[in-house]
Amino acid sequence: MPQPIRLKDHEKDARLIRGRAIVGAIVVFLLIGVLVSRLYYLQVVQYEYHSTLSENNRVHVQPIPPNRGLIYDRNGVIVADNRPSFSLTLTRERAGDWEKVLDVIVEVLGLPEEDRQLFEKRVRQGRRPFEPVPVLFELSEEQIAKVAINQFRLPGVEVTAQLVRHYPLGEHFAHSVGYVGRINEAELKKLDPVEYSGSHHIGKTGVERFYESQLHGKVGYEEVETNARGRVLRVLNRTDPQPGKDLVLTIDTKLQEAAEKALGGRRGAIVAIQVKTGEVLAMVSQPSFDPNPFVTGISFKAYAELRDSIDQPLFNRVLRGLYPPGSTVKPMMAIAGLDAGVITPSSRVFDPGFYQLPNNTHKYRNWNRYGDGSVNLETALMRSNDTYFYDLAHKLGIDRMHDYMTKFGLGQRVSLDMFEETAGLMPSREWKRGRYRQAWYPGETLILGIGQGYMQTTPLQLAQATTLVANHGKWIRPHLAKTIGGVKPVDENPVPDIVLKDPKYWDYARNGMEMVMHGARGTARKVGNSAAYRIAGKSGTAQVVAIKQGERYDRSKVRERHRDHALFVGFAPAENPEIAVSVLVENGESGSGVAAPVLKAVMDAWLLDENGVLKPEYAPPANEQAQEQ
Amino acid sequence: MSNSFDRTLSNEDVMRRRASLLQRLHIDGILLLLLLTLAAGSLFVLYSASGKDVDLLMKQASSFGIGLVGMIIIAQFEPRFMARWVPLAYVGGVALLVAVDVMGHNAMGATRWINIPGVIRFQPSEFMKIIMPATIAWYLSKRTLPPRLKHIVVSLALIGVPVSLILVQPDLGTALLVITSGAFVLFMAGLQWRWIIGAAAALVPVAVGMWFFVLHQYQKQRVLTFLSPETDPLGSGWNIIQSKAAIGSGGVLGKGWLLGTQSHLDFLPESHTDFIIAVLAEEFGLVGVCILLFVYLLLISRGLVITVQAQTLFGKLMAGSLTMTFFVYVFVNIGMVSGLLPVVGVPLPFISYGGTSLITLLSGFGVLMSIHTHRKWIAQV
């Protein structure tokens with residue numbers, strides 16, 4: 001059928017559009033009718049309701065903050081709870097000239113001018129109209145009485161009871177659990193304004209920060225009727241808040257305290273990990289600090305004292321302290337060498353007390369200048385022989401070394417749930433080219449073989465690497481939360497297990513580490529001899545290069561602070577590993593002499609009962625015992 | 001003699017002699033009167049809503065002045081002249097939108113604006129509110145009506161390009177208004193009812209699909225809050241609860257100018273921009289709102305009369321679309337504030353504070369005036 005030719009028919013077009021304009025006009029009329037009837041409904045039918053709302057009695061929606069989830073240690077000991085505390089709140093809209101009211105508060109309570117500025121800052125941070133802003137926390141009975149008798153001079157000021165976070169165990173958990181603090185302006189911009197409408201605190205560090213979303217809970221609210229003066233007359237409607245989830249830590253308070261005692265007031269760090277589960281049993285960074293003042297707002301002076309202290313109590317050495325691992329990497333290096341095929345358990349290296357690269361006169365020295373003679377793997381670990389590991393490193397090469405050490409977690413964040421962990425550094429050719437624009441030198445590989453040079457590790461990484469040796473390469477990220485709301489934390493980014501060509505390689509490394517503690521010439525035999533079970537361990541020494549800038553020069557202390565850091569890692573019982581521990585003693589000088597006894601004290605606290613006997617559940621399997629006998 | 005001399009004059013000359021000053025300036029007196037009424041009312045309400053902020057009033061008044069001048073300048077161009085330049089304006093507008101999307105990346109977040117420092121700062125998506133209906137009107141005016149499927153598809157494509165660019169910015173409110181302005185041209189052009197009903201029917205499964213597969217959690221939350229604001233009385237529900245209280249407490253006659261409590265005690269958010277109708281309703285009551293709606297109704301009626309009387313197809317389509325889109329602004333804004341529609345950022349035309357929307361709206365009315373005052377006088381006589 002041929003298409004008819006369409007001609008423009010202006011008359012028809014005009015009729016069409018006129019029709020559409022009429023339809024449009026009808027729709028407009030109808031919809032304006034809808035608007036008018038809606039307004040009629042609101043303004044005439046519901047007039048009484050709305051005018052009651054707005055004029056005589058104002059209805060306010062008040063958020064009710066949820067109770068923050070409690071934190072327990074693994075045995076149910078309370079680590080963080082919420083204590084009722086009286087605070088002084090100010091509602092700007094009801095105070096009239098609120099700056100004047102602040103002056104009266106300061107005058108009545110006899111507070112310094114410095115506090116008044118703090119109050120002013122807090123009031124200015126108020127978010128919604130008619131929100132009572134807390135200006136002063138933890139009022140004493142006397143202060144409450146003073147406010148009460150001066151109430152007539154203090155419009156808009158109220159004493160309210162609030163639940164405030166409290167850490168009964170104080171400084172024991174400051175570096176693992178962290179603390180909550182007042183929400184600051186930067187955080188305010190990122191927060192969900194509804195969920196946090198009633199909350200004044202937020203997790204700042206540690207577990208409190210990492211699990212903030214689950215610990216916080218869901219906000220509730222109530223509609224209250226208030227009179228013209230803002231006094232609450234009655235509650236119209238209430239939706240209860242949902243409290244935050246309770247968190248159970250993996251840490252054992254008794255072991256934590258025992259570990260702190262073992263460190264004996266020295267600066268340092270201890271991490272203890274349960275080998276089979278990856279649970280962190282103790283996490284010590286000393287010196288520590290009391291987190292409680294941070295909750296309600298620490299005074300500037302007290303904070304400055306903590307911040308500027310030469311001992312750096314605020315510094316989390318476990319997660320952020322970077323130290324060259326020293327000889328503690330030797331077991332990992334040995335496993336890398338075995339798996340790469342550059343050494344065998346029986347291959348030997350002759351140690352004259354130093355190592356030289358071919359065609360090079362530079363001497364890389366063993367710590368023992370006289371040399372250990374011909375050494376095999378076991379002896380090399382037992383004696384911590386540097387020459388053997390120079391040779392191993394040279395044969396392994398930087399590329400393979402980097403790959404293996406990365407598998408052990410060096411140079412990357414290893415934890416599941418620890419806030420602000422640093423990655424440390426495991427150098428590679430690419431890294432050096434990017435950082436220094438230089439090629440890699442063979443000599444740099446050698447010193448990496450004994451854990452010196454560019455390498456930087458945290459005590460947590462060393463503990464995790466040791467756990468991996470104990471656990472035959474099975475990767476479980478170390479974590480601090482055993483359960484949150486009854487549920488185990490899930491590792492969404494699991495690390496692949498280390499698979500060796502021959503699983504026996506793990507045993508060779510373990511044997512060497514056992515010899516360190518129990519061998520006749522083991523570097524830590526003094527500690528090993530007194531143990532009620534067999535320990536596999538390795539010492540290490542990290543050189544302190546120089547005092548950091550900004551530290552005060554103190555003649556009596558400088559010398560001490562130039563001394564080497566002492567390191568020791570290990571796991572026990574060696575045949576059936578239950579616990580892996582890494583110990584760092586700042587300026588402790590001797591890994592075997594200073595750090596090893598600390599390690600043993602921590603292991604004793606976990607493995608032995610009150611009578612000093614190995615708990616039966618940690619006894620080595622019967623067949624292995626028989627073999628040894 | 002003089003009598004016969006008159007007869008020898010052409011009709012056009014007769015008209016020119018009768019033409020008043022307003023007609024010579026190509027201004028439509030009725031529209032101008034209504035616009036000035038709204039402007040005066042706007043300043044009254046704004047004075048109260050802004051908490052007696054005279055600076056803000058002066059800004060709004062000067063924006064209105066600039067808009068009026070722009071409107072009169074636009075009214076001088078013949079619709080035929082406009083139609084000739086529409087394709088270029090469309091291409092230019094799309095290019096500016098692309099520039100916004102590209103340069104917006106550099107300027108970190110300020111993705112809706114083109115900013116030439118010290119010279120000019122503007123929102124190209126605003127232009128599209130005028131260019132969009134003009135483009136579709138230009139395209140369809142060259143075709144036979146009602147449009148055939150092929151022409152509908154091309155029109156939808158012409159709408160789709162700038163809309164998707166605006167959505168990328170992202171600015172859902174403006175994108176919807178641009179779609180609306182283009183769709184109204186199709187409606188005026190006699191789009192068959194079966195297509196309209198079909199599109200409406202297709203929206204339901206699309207909306208269901210969007211809910212499950214496209215919308216983010218927070219967007220769903222917004223829809224849920226609209227459906228029952230009481231579920232979120234601290235967040236966006238707060239606005240609606242408060243604005244309803246403001247409107248409702250106004251009653252029939254209102255609390256009186258400057259006496260609204262809801263707005264003056266900071267209960268009402270955005271009280272001088274998107275939610276200004278709540279202030280008007282609180283202070284002037286149902287009577288005040290009805291008067292405002294009546295003025296809007298007169299404006300829209302005048303727009304539809306201009307549509308019917310326009311002599312070119314382009315003029316008819318353009319005028320019809322601009323008028324209907326204007327009504328959509330009014331309806332969406334009042335519907336939103338009174339809790340009939342979800343909260344989207346659409347200002348109340350000529351009343352809300354804000355220069356950009358004022359200038360765009362007045363430009364639209366400039367086009368209407370041009371369409372009406374450039375008709376061939378012969379046909380009128």
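Predicted model: local features only at pLDDT ≥ 70, side-chain atom pairs only at ≥ 80, totals over all residues.
S18(A) pairs in the antiparallel sense with strand S19 of chain A, residues 565-572, over 7 bridges. Within this pairing, Gly537(A) stands opposite Gly570(A) of S19(A).

## The sheet as a whole

S18(A) belongs to an open sheet of 5 strands in chain A, ordered S12-S11-S20-S19-S18, in which the pairing is antiparallel. Strand S12 (280-286) and strand S18 (536-542) of chain A each have a single partner strand and stand at the edges, so one side of each is left without a neighbour in the sheet. On average, neighbouring strands of this sheet are turned by 10° against each other, direction ignored.

Elsewhere in the sheet, strand S11 (residues 268-274) and strand S20 (residues 579-585) of chain A run antiparallel and are joined by 7 bridges; on S20(A), Ser582(A) is the bridge partner of Val271(A). Helix H10 of chain A, residues 253-263, lies across S11 and S12 of chain A and runs at about 35° to S12(A).

## Cis peptide bonds in chain A

The peptide bond from Gln286(A) to Pro287(A) is cis, with omega near -5°, and Pro287(A) is placed in the loop between S12 and helix H11 (292-296) of chain A. A cis peptide bond also leads from Ala572(A) to Pro573(A), with omega near -15°, and here the proline, Pro573(A), lies in the loop between S19 and S20 of chain A.

## Positive phi values in loops

Glu420(A) has a phi near 65°, a positive value in a residue other than glycine, and is found in the loop between helix H16 (386-407) and helix H17 (429-436) of chain A. With 13 C-beta neighbours inside 10 Å, Glu420(A) counts as partly exposed.

In chain B, His26(B) has a phi near 60°, which is likewise positive in a residue other than glycine, and this histidine lies in the loop between helix H3 (21-24) and helix H4 (29-49) of chain B. His26(B) has 19 other C-beta atoms within 10 Å and is therefore partly exposed, given that a residue is counted as buried at 20 or more.

Note on methods: Residues numbered from 1 in each chain as written. Chains lettered and ligands numbered in written order. Pairing = 2+ DSSP bridges. Helix = DSSP H or I, 4+ residues; strand = E, 2+ residues; numbered from the N terminus. Axes fitted to C-alpha atoms, helices over the stretch in contact; angles between N-to-C directions. Contact = placed C-beta atoms within 7 Å. Buried ≥ 20, exposed ≤ 12 C-beta atoms within 10 Å, placed from the backbone.
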